[in-house]
Amino acid sequence: MSLFDNIASILTRSRSVILTTHITPDGDGLGSALGLSRYLRARGKKTRVINCSAMPPNLRWMVQDGEFTVWSADRHEQRLRGADAVVATDLGNASRLGRMEQPVRRASGTRILIDHHIYQNDLFDLPLIVVEASSSAEIVYDLIRHMGGEITPDIAEPLYVGLISDTGNFAYS
């Protein structure tokens with residue numbers, strides 16, 4: 001069974017999934033998390049994108065109401081601990097989770113990483129790292145298609161933001 005198969009199986013069985021990305025999130029990290037969150041939510045999963053940093057003003061237009069929140073241990077620790085899966089996108093290394101690093105380490109659900117950066121993993125159960133990919137958004141697209149999913153405009157938009165962010169508007173790979 002491939003890593004794509006393993007991750008697809010975990011996400012299919014999961015009822016609740018928390019998604020996150022790195023501190024000071026960019027278009028790829030947020031776009032990847034939002035695109036996957038929307039796909040999973042359309043399949044009946046309870047999802048939330050929680051990040052230790054606020055949404056950058058230039059990306060606020062991309063977020064739907066109630067889809068993103070800034071980490072607060074008081075409000076989110078139990079939810080994170082009880083999630084069936086925790087997915088981090090475009091991370092680079094665990095320290096870039098900021099205040100969420102230790103809570104993610106304590107999470108009881110399967111910890112999944114989707115990234116295109118070389119990563120020394122000491123945190124994630126299923127690290128999907130594809131260094132040949134242009135962006136984490138490209139890997140999320142491939143994962144959704146692997147799961148038999150349709151890329152609706154609602155899902156495509158944040159993935160497109162991730163692609164253009166990490167390729168400099170397709171100027172480099």
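Arg38 counts as buried, with a relative accessibility of 3%, where buried means under 20% relative accessible area, exposed over 50% and partly exposed in between, computed with a 1.4 Å probe on protein chains only. The model is predicted, so local features need pLDDT of at least 70 and side-chain atom pairs count only at pLDDT 80 or more, while totals for chains, interfaces and linings use all residues. Residues are numbered from 1 along each chain as its sequence is written, and side-chain values use heavy atoms, with hydrogens and water left out.

The side chain of Arg38 meets that of Glu67 in a salt bridge, a term for a side-chain nitrogen of Lys or Arg within 4 Å of a carboxyl oxygen of Asp or Glu. This pair links distant parts of the chain, 29 residues apart, with Arg38 in helix H2 (residues 27-42) and Glu67 in the loop between strand E2 (46-51) and strand E3 (68-70); helices (H or I, at least four residues) and strands (E, at least two) are DSSP runs, numbered from the N terminus. Glu67 is also buried, with a relative accessible area of 3%.

Arg38, Arg41, Glu67 and Asp154 are linked in a network of salt bridges.

Elsewhere, Glu77 and Arg81 pair within helix H3 (residues 73-82), four residues apart and separated by about one helical turn.

| Pair | N to O distance |
|---|---|
| Glu67 and Arg38 | 2.7 Å |
| Glu77 and Arg81 | 3.1 Å |
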